[in-house]
Amino acid sequence: AQLDTLDLVVLVALLVGSVAYFTKGTYWAVAKDPYAASASAMNGAAKSGKTRNIVEKMDETGKNCVIFYGSQTGTAEDYASRLAKEGSQRFGLKTMVADIEDYDYDNLDTFPDDKVAFFVLATYGEGEPTDNAVEFYQFLTGDDVAFESGASADDQPLSSLKYVTFGLGNNTYEHYNAMVRQVDTALTKLGAKRIGSAGEGDDGAGTMEEDFLAWKEPMWTALTDAMNLQERFPEDETVYLGEPTAAHREGRAKGPFSAHNPFIAPIVESRELFTVKDRNCLHMEISIAGSNLSYQTGDHIAVWPTNAGAEVDRFLEVFGIADKRHSVINVKGIDVTAKVPIPTPTTYDAAVRYYMEACAPVSRQFVSTLAAFAPDEASKNEIVRLGADKDYFHEKISNHCFNIAQALQSITSKPFSAVPFSLLVEGLNKLQPRYYSISSSSLVQKDKISITAVVESVRLPGASHMIKGVTTNYLLALKQKQNGDPTPDPHGLTYSITGPRNKYDGIHVPVHVRHSNFKLPSDPSKPIIMVGPGTGVAPFRGFIQERAALAAKGEKVGTTLLFFGCRKRDEDFIYSDEFQTYQEQMGDALKVITAFSREGTPKVYVQHRLKENAELVSELLKQKANFYVCGDAANMAREVNLVLGHIIAEQRGMPAEKGEEMVKHMRSSGSYQEDVW
Ligand code: FAD
């Protein structure tokens, strides 16, 4: 990949003197742009050249990637240009954009197999090709395709042609994306090999950009595989490309590992716990062997996530910095006492992918700081209105659960190129690690930490799109990769699985351990009561694993009572098989009481089961049982607390307030413990 060093431009973007005016004014950034070669300069080659032979043209100009467009209003041409730029800047492809009518098609059978052709084709009117693509379409889909060489359709004449397709259509018309679909079918029939999936953007649903972004990343991954390309990164070793610390960047990270210095841990096993297709719950085993990290049963592990590729792309496109995503930026505090929240120097891409909480719901205040940088008067007015009117903001933005980039996209399709990056660094939170209750026992597996995580993919009421949890979808992608999928894309999302400078290759994830007070009694013969529906069962799997191991060694283990709840026995009753094994090891000491909320009416939850077993619960409390609650803080934990107060009052013949008081007392003395989120 030789990007002309002559083209190297040092762009000193002093990011706007007026920053101080609109922000706390703490940061500014300087961007150097080592990848300043512009694909648009490569554009229009055919128009000026003589040949109509694309193979010749590419040879003459040293290209290995042609992006043909069939465009009526210019949108497909725009997308073609963007692909050309991205291909050149990220992967060092020698790209050219070509109007499809500027070339002949009867020599496509001589297209070499180390090059690639993209077809970005709009469908016009009632399933028709755009004016400039009519001839191409007729050639390819005609009854007897004839090539200059004399090859006919039966000879699979295009067997050396690698191609990529993206169609622009409108699903309110009957023949949705007919053009690209037919071209794709025809090319395949002639033996050509498509790379990636056949992308389709839908203008009718207003999701063209969304569809494009979701399609593009897995396509690049497939293309880099097929053409043996490497994504290009700045070679400068002082630049942070996503590494959490300087030591990680320099490849000399060592313990003690902590919240400021995560351990890049191998995921040694991962599997799905649900039996249903539409929801996911992950079980992962993370090795901490050799790290000097330790944990105790009941502790938390923090996972350092990365943002999804499509969201990173969206963000960079919305702020008009996609073209220079790998440019090196230096973020400095204007005020020397201000701590810059992200490692620097870095790149735009790394900053958004690894360091900024770019997918969180956007705040009204932050949106309003962008008014001054709006691309036109109308968008500016809209932002001012959003900033001033709480209800309007709720209706247009919060209700849809938009992140910052989605919010701006909903206002205008024009990029907000004037927004200083420093403002974004300052206005968005630093990407936070997410905590998980460790679901294994340190006594049983001291070098391996289990995680039990439900993958967040929810449609909140009113939202027009699914909300995809940052960390859990990243973990799902890692699981898919580990289980043999070379290009994982959970829910259409892709991730930089191999991490900065490929340092996470081989399925690694940055983690640290946080110690908690959520602990088993030191005397295993003491009874315990655990309430843990859903993933709230996580730490209790660890507790039970530990007590089962002790029982197997012949130690006396007290009653171990678990209340577990989920929707249906055969869908999301996680670890049910394991519990049977533990039951064999522990005998009567283990009691698992279940509540399946979707197996009948009325719905039964753990708190109902708790009430039904009031006598047993009360008896165990008399024997000084510890009481544990884990999981949903909003409803479940509060109700369990109430129910327990009632149980105590009722069983001991006390007034209700006295029961509540007893629970309070249990909390303060440490015999009622919560691990809720
Ligand atoms: P995030 O991206 O953080 O999103 C989380 C939620 O935020 C979404 O579901 C949505 O409701 C909201 N949200 C996100 N983006 C938007 C938006 N643009 N607009 C509106 N709303 C939005 N989880 C487990 O599965 N298992 C455990 O054992 C476990 N233990 C925990 C222990 C502790 C001490 C704590 C604090 C949490 C624990 N959690 C556990 C929760 C876990 O830390 C994560 O919060 C969870 O996995 C979601 O992370 P995420 O990055 O996938 O989702």
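Between which domains does the ligand lie, and why? Domain 2 (255–305 + 433–457 + 465–516) and domain 3 (528–676) both contribute residues to the shell around the ligand, so the ligand lies between them; the domain bounds come from an automatic or database domain assignment. Before you start, note that this is a predicted model, in which local features need pLDDT of at least 70 and side-chain atom pairs count only at pLDDT 80 or more, while totals for chains, interfaces and linings use all residues. Residues are numbered from 1 along each chain as its sequence is written, and side-chain values use heavy atoms, with hydrogens and water left out.

**First stop: the ligand**

Select the ligand together with the 25 residues that surround it, of which Y435, Y436, E456, T471 and T472 are the closest; a residue counts here if one of its heavy atoms lies within 4 Å of the ligand. This shell divides into 14 nonpolar, seven polar and four charged residues, where Ala, Val, Leu, Ile, Met, Phe, Trp, Tyr, Cys and Pro count as nonpolar, Asp, Glu, Lys and Arg as charged, and the others, Gly among them, as polar.

Next, colour strand 14 (434–437), strand 15 (448–454) and helix 16 (470–482), each of which supplies at least two residues of the shell. Strand 14 gives the most, with four residues. Helices (H or I, at least four residues) and strands (E, at least two) are DSSP runs, numbered from the N terminus.

Now look for polar contacts, which are pairs of N or O atoms within 3.5 Å. A polar backbone atom of Y435 is 2.6 Å from an oxygen atom of the ligand, and a backbone N or O atom of T452 lies 2.8 Å from a ligand nitrogen atom. In the side chain of T471, an N or O atom is 2.7 Å from an oxygen atom of the ligand. On its own the ligand has 960 Å² of accessible area, and the protein covers 79% of that area, as computed by the Shrake-Rupley method with a 1.4 Å probe.

**Second stop: the cavities**

There are two cavities of 30 Å³ or more. On a 1 Å grid over the protein atoms alone, a cavity is a set of points where a 1.4 Å probe fits but cannot get out, and its lining residues have an atom within 4 Å of a point; the volume is the space filled by probe spheres set on the points, which are joined across faces, edges and corners.

The largest cavity has a volume of about 140 Å³. Select G242, P244, W304, Y354 and Y355, which are the closest to its centre among the 13 lining residues. Its lining has nine nonpolar, three polar and one charged residues.

For the second largest cavity, of about 30 Å³, select I54, F68, I100, Y103, D104, Y105, L108 and F136, which line it.

**Last stop: the backbone**

Most residues other than glycine have a negative phi, and most peptide bonds are trans. Select T344 and P345, where the peptide bond is cis, with omega near 0°, and then T601 and P602, also joined by a cis peptide bond, with omega about -10°. Finish at N228, whose phi is near 55°, a positive value, in the loop between helix 7 (208–227) and helix 8 (246–249).

Technical notes
1 Å grid on protein atoms, 1.4 Å probe; cavity = no way out; pocket = protein on both sides within 12 Å on 5 of 7 lines; lining within 4 Å. Polar contact = N/O pair within 3.5 Å; in protein donor to acceptor, adjacent residues only side chain to side chain.
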